[in-house]
Amino acid sequence: MQAESDAENAAGGGAARANGTPVAPVAPVTPVAPAVGAAPGARSGAAASGAEAARSRRFPSITRDTARPEGSGRAVPGAVSTPARQWPMLSVLTATAVGLLTTALGHPRVGCLIIGVALIAAAVMRRLLPSVGMLAVRSRFTDMITYGLLGVAITLLALVMPKPLLHIPFMEDVVRFTVR
C-alpha cells in the first residue's frame with residue numbers, strides 16, 4: 001500500500017488528503033559530499049541551506065492549507081446543526097442583544113446589568129463546560145479572566161450609575177472622571 005502511494009507520488013499523479021487537498025510529490029533526497037578544503041563537520045552551501053530549511057521552526061511565507069480556527073470546537077456532537085453546537089455563544093449574544101435593546105428603550109441600568117450578567121455567565125460557561133464552540137477565543141484562563149472582569153466592571157458601573165443602588169466610595173470618583 002505504501003509502495004503504491006510512493007510510486008504514485010514519484011509518477012507525478014500525487015495523492016490527496018481526506019479533505020481533497022492535493023499532497024505535493026516528495027522528491028528523493030540525495031546525499032551531498034562536503035566541499036574540498038572544508039572542515040570535517042561543515043557542509044556545502046546548498047546542503048546547509050537545505051538542512052536549515054528542513055529544521056526551521058518558522059512559519060512558511062506562503063501557506064498552502066488552512067487550519068481549523070481554535071474556537072471551532074463543538075459543544076454538541078457533529079450530527080447536530082451549527083446553531084445547536086454553538087449554543088454557549090448564541091446564549092451570550094442573545095442576552096447581550098436583550099441588554100442593548102433594554103438600554104435603547106430607556107432602561108440603561110437594567111440593560112447594563114443584563115450585559116454584565118451575560119459576560120459573567122460566559123466566564124462561568126468557559127470554566128465549567130469542556131467545549132464551548134466559538135465562545136473560546138483565547139486560552140481558558142484568559143477567557144475566564146477577560147469575560148469575568150468585563151462582566152463585573154459593567155455590573156458595578158450599572159449599580160453606581162446616577163441614583164446608585166450600591167454605594168462604593170471610590171466608584172463615585174471613577175464614574176465622575178470617566179462619564180460625567
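Of the 180 residues of the protein chain, 21% count as buried, where buried means under 20% relative accessible area, exposed means over 50%, and partly exposed lies in between, with a 1.4 Å probe and protein chains only. The model is a predicted one, in which local features need pLDDT of at least 70 and side-chain atom pairs count only at pLDDT 80 or more, while totals for chains, interfaces and linings use all residues. Residues are numbered from 1 along each chain as its sequence is written, and side-chain values use heavy atoms, with hydrogens and water left out.

The accessible surface of the protein chain comes to about 13200 Å², of which 68% belongs to carbon and sulfur atoms; such areas come from the Shrake-Rupley method with a 1.4 Å probe, and for residues only the protein chains shown count as cover. The chain has seven helices and two strands, which from the N terminus on run α-β-β-α-α-α-α-α-α; helices (H or I, at least four residues) and strands (E, at least two) are DSSP runs, numbered from the N terminus. Among the contacts in the protein chain with a separation of 6 or more, 43% are accounted for by residues 24 or more positions apart, a contact being heavy atoms within 4.5 Å.

Helix 4 covers residues 87-104, and its 18 residues reach 25 Å from the first C-alpha to the last, close to the 26 Å expected at 1.5 Å a residue; the expected span is 1.5 Å times one less than the number of residues in the helix. Which residues of helix 4 are buried? They are Pro88, Val92, Gly99 and Thr102, and because they cover an arc of only 90° around the axis, they are on the same side of helix 4, the arc being that of the directions from the helix axis to the C-beta atoms. These buried residues pack against helix 3 (82-85) and helix 5 (108-128), whereas on the other side of helix 4 Leu100, Leu101 and Ala104 are exposed. Helix 4 is followed by Gly106, whose phi is positive, near 105°.

Val124 lies in helix 5 and is partly exposed, with a relative accessible area of 44%.

The structure holds two salt bridges, each a side-chain nitrogen of Lys or Arg within 4 Å of a carboxyl oxygen of Asp or Glu. In one of them Arg126 pairs with Asp143, the closest N and O atoms being 2.8 Å apart; since Arg126 lies in helix 5 and Asp143 in helix 6 (residues 140-159), the pair ties together parts that are 17 residues apart in sequence. Leaving aside its neighbours within four places in sequence, Asp143 is in contact with Arg126, Leu135, Ala136, Val137 and Arg138.
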